[in-house]
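Visitor: Please show me the model, and then let us go through its features one by one.

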Amino acid sequence: MVSKLMQVMALILVLIFSFFIGISKAQLSVGFYTETCPDVESIVGATVRDAALSNPNILAVLLRLHFHDCFVQGCDGSILIDNDPNAEKHAFGHQGVGGYEVIEIAKEKLESQCPGVVSCADIVALAARDAVALANGPAYQVPTGRRDGRVSNISLAADMPDVSNSIQQLKSKFLDKGLSEKDLVLLSAAHTIGTTACFFMTDRLYNFFPGGGSDPSISPEFLPELKAKCPQDGDVNVRLPIDQGSGETFDKKILENIRGGFAVLQSDACLIEDEATKSVIDSYFSLNSQFGPSFEEDFVNSMVKMGQIGVETGSDGEIRRVCGAFN
C-alpha cells in the first residue's frame, strides 16, 4: 500500500515537473542574450537610429512590422521570408508593410559579432521598441528568447485585421490572439505615428454605402480636408498622416482625434462605436486624468503582451542566418 502510494506521488511529481518545464520553455525573459550576445540591444538600437536619420517614417514602419508579424502564426519572423512567391509577406493584408531592410542590416551586424545566436523575431521586437522610444514614446524592456519559425505561407495571413473591419470583427480577431478590448484600443493607438495611403481611404470617403457616400462618423469639418488630400479617382499612393496634427510624435492625440471624429482610418473610428472600447479611450481623458490610467504604461503592457503571441522558444524553430530565408 505504501509502495503504491509512493508510486502515485512520484508520478504526480513527474507531471508537475513536466508542467513547469513546459511553462519555462515558453517564457521569454529580459536580458536573454546577456551572456551570449551582450551588445544585441545597442546594435539594434543604433541600426534603427541610423535608418530614422534618412527616413523618419521608418519608426512607424518598424512598429507596424512587429504587429503584422505577431498576428500571423505568432511573433516568429515569418513575415520576413522573401525567397518564395507564396511567402506570407505577399499577402493582401500585409500591403504597405516594410522595414525589412533595417532588420536585415541589424541581423548582418549581429551575425558578425555573435553568429547563430539572435533570432530575427527578436530583432523585429527590439526594433519596434526602439522605434517607439525614438518617436518620443516610452522606453521599455523587451523580453527576448524568441526563435524563428520554419513556415511562411500567404494563406496563413488571410485573416489579418483590416481597416474596413467592423468593431465586432476587430474585437473577435484580437480575442483570437488572446488580446482584450483594451489591447485593441492601445495597439490601434500605435497609429499615433506614421502615414497611410489614399488607397485605404477610398471606400470610406466615396463608397461607404452601397450607393456611394462618405462615412458619417467623419467630422464635417474634417471631411473636406480628407477629400482634398485623397480626391476621387486621384492618386491612391498619396500618403497622409494617420494622426492629424501629431503624426511624427508618440502621444495620445490619436485617441483625442478618434473621439472628435478626426480619425483617418475606419478601423480607428469604429473604436468609439463600441461601449467597451469607447470606455477605454475615455478613461485617458477623465477630469481626474492625473489619477487615472497612464496611456504610455498601458501601451507598453499591450505591446509586451502582443510580443508573446505564439512565440517559439527553447528547441523549437531555428535561428536564421539571414532573415529573408530559412536555414
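This is a predicted model: local features need pLDDT of at least 70, side-chain atom pairs count only at pLDDT 80 or more; totals for chains, interfaces and linings use all residues.

Visitor: How wide is the arc of the buried residues of H6, seen down its axis?
Guide: Helices here are DSSP runs of H or I with at least four residues, and strands are runs of E with at least two, numbered from the N terminus. Buried means under 20% relative accessible area, exposed over 50% and partly exposed in between, with a 1.4 Å probe and protein chains only. In H6 (residues 167-176), the buried residues are Ile167, Leu170, Lys171, Lys173 and Phe174. They line one face of the helix, because the directions from the helix axis to their C-beta atoms fall within an arc of 165°.

Visitor: Which exposed residues does the face of H6 turned away from its buried side carry?
Guide: The buried side of H6 is covered by elements that include helices H3 (58-70), H7 (181-188), H11 (266-269) and H12 (275-283), where contact means heavy atoms within 4.5 Å. On the face turned away from that side, the exposed residues are Leu175 and Asp176.

Visitor: What is the handedness of the link of Cys120 and Cys323?
Guide: The sulfur atoms of this pair are 2.1 Å apart. Cys120 lies in H5 and Cys323 in the segment after H13 (295-306), so the pair ties together parts 203 residues apart in sequence. Both cysteines are buried. With -95° about the S-S bond, the link of Cys120 and Cys323 is left-handed.

Visitor: What is the torsion about the S-S bond of Cys198 and Cys230?
Guide: Cys198 and Cys230 are joined by a disulfide, S to S 2.0 Å. Cys198 is buried at 4% relative accessible area, and Cys230 is buried at 3%. The disulfide is left-handed, because the torsion is about -75°.

Visitor: What is the pairing of the bonded cysteines, numbered in sequence order?
Guide: The structure holds four disulfides. Counted along the protein chain, their pairing is 1-4, 2-3, 5-8, 6-7.

Visitor: How far is Cys270 from the nearest cysteine sulfur?
Guide: Cys270 is in no disulfide, and at 5% relative accessibility Cys270 counts as buried. The nearest cysteine sulfur belongs to Cys230, at 19 Å.

Visitor: How far apart in space are Gly194 and Leu59, C-alpha to C-alpha?
Guide: Gly194 is in the loop between H7 and S1 and counts as buried at 4% relative accessibility. Leaving aside residues up to four places away in sequence, Gly194 touches Asn57, Ala60, Pro241, Ile242 and Gly247. Gly194 and Leu59 are 135 residues apart in sequence, while their C-alpha distance in space is 7.6 Å.

Technical notes: Residues are numbered from 1 along each chain as its sequence is written. Side-chain values use heavy atoms; hydrogens and water are left out. A disulfide is a pair of cysteine sulfur atoms within 2.5 Å.
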